[in-house]
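Reader: Hi! I've got a new model open and would like to talk it through with you. Could you take a look with me?

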Amino acid sequence: MKSGVISNRYGEALFALAKENDAILPWQRQLEEVEQVFLKDHDFAMLLENKSIPYEKKKEILQAVFANQIDSGVLHFLFLLVDKERQDFFHDIILAYHQLVEDYYGIVKAKVTVALPLTKEEEVNLAAALEKRLSAKVQLEITIDPAIIGGMRVQVGDTVYDGSLSHQLDEIAQRLMK
């Protein structure tokens, strides 16, 4: 089975369980916390992927580390990943889960590139304008890139709204070349 299929299948199962337990957002936060532990402690992540360590020992370690930090449903999901030897798919499963959460709540990601950091007020106004235009809740992902000189570039899915000064200068240069 391809990793995308596996990740999506596990992500969907986890989402269904979270929904059934009325814990979609709390589990999302807890999964992010678990992922941060894996990212910060590479040795810990490698320990869980080590095939010479018995499953029960791995589950004891997960229990000791996370028992008081995460919901039992999330912990048992981690146990399932160990039992099925799918812990190396954890990151992709989390991405699939996040996408399902965004779809469920009607959240659209907008990747915004600006030359200088936006103020909080500008972020709020931009999000409101995009929400009105897209008729959806918008989550901004802001990147600073001085190369765009000024203005901004917004990407939502496959659509790009390019109001950057560098883009406008490129267009002027193209017209002058004709």
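Reader: Let's jump right in. What do the buried residues of α7 pack against?

Author: They pack against β1, β2 and β3. Keep in mind that we are looking at a predicted model.

Reader: Good to know. Which residues of α7 are buried?

Author: Leu-126, Ala-127 and Leu-130 are buried in α7. They cover an arc of only 100° around the axis, so they sit on the same side of α7.

Reader: And which exposed residues are on the face turned away from that buried side?

Author: That face of α7 carries Glu-121, Val-124 and Lys-132, which are exposed.

Reader: How does the span of α7 compare with what 1.5 Å a residue should give?

Author: It agrees: the 15 residues of α7 should span 21 Å, and the end C-alpha atoms are 21 Å apart. After α7 comes Ser-135, which has a positive phi near 55°.

Reader: Nice. What kind of unit does α7 make with β1 and β2?

Author: A right-handed β-α-β unit, made of β1, helix α7 (residues 120-134) and β2.

Reader: So how do β1 and β2 pair, parallel or antiparallel?

Author: Parallel: strand β1 (residues 107-114) and strand β2 (residues 137-144) pair over eight bridges.

Reader: What about β1 and β3, parallel or antiparallel?

Author: Those two run antiparallel, with four bridges joining β1 to strand β3 (residues 152-156).

Reader: Great, let me switch to electrostatics. How many salt bridges does the structure hold?

Author: There are nine salt bridges in the structure.

Reader: Which residue does Lys-109 meet in a salt bridge?

Author: Lys-109 meets Glu-141, with an N to O distance of 3.4 Å. This pair links distant parts of the chain, since Lys-109 is in strand β1 and Glu-141 is in strand β2, 32 residues apart.

Reader: What does Arg-153 meet in a salt bridge?

Author: The side chain of Arg-153 meets that of Asp-162, at 3.1 Å from N to O. Asp-162 counts as partly exposed at 25% relative accessibility, and Arg-153 is partly exposed with a relative accessible area of 26%. There is also a network elsewhere: salt bridges that share partners join Glu-56, Lys-59 and Asp-83.

Reader: I've also marked Ser-166. Where is it, and is it buried or exposed?

Author: Ser-166 is in helix α8 (residues 165-177). It counts as buried because its relative accessibility is 14%, and the cut-off for buried is under 20%.

Reader: Which residues is Ser-166 in contact with, leaving aside its neighbours within four places in sequence?

Author: Ala-147, Ile-148, Ile-149 and Arg-153.

Reader: Last topic: the start of the chain. Which residues of α1 are buried?

Author: In α1 the buried residues are Ile-6, Ser-7, Tyr-10, Gly-11, Leu-14, Phe-15 and Ala-18. Their arc around the axis is only 155°, so they lie on the same side of α1.

Reader: What covers them?

Author: The cover includes α2 (24-40), α5 (72-83) and α6 (90-105).

Reader: And how far does α1 reach?

Author: Helix α1 (residues 3-20) has 18 residues and reaches 25 Å from its first C-alpha to its last, close to the 26 Å expected at 1.5 Å a residue. Just after α1, Asp-22 has a positive phi of about 50°.

Methods: Residues numbered from 1 in each chain as written. Predicted model: local features only at pLDDT ≥ 70, side-chain atom pairs only at ≥ 80, totals over all residues. Heavy atoms only, no water. Expected span 1.5 Å × (residues − 1). Buried < 20%, exposed > 50% of the residue type's maximum accessible area, 1.4 Å probe, protein only. Arc of directions from axis to C-beta. Contact = heavy atoms within 4.5 Å. Pairing = 2+ DSSP bridges. Right-handed = clockwise from strand over helix to strand, strands pointing away. Salt bridge = Lys/Arg side-chain N within 4 Å of Asp/Glu carboxyl O.
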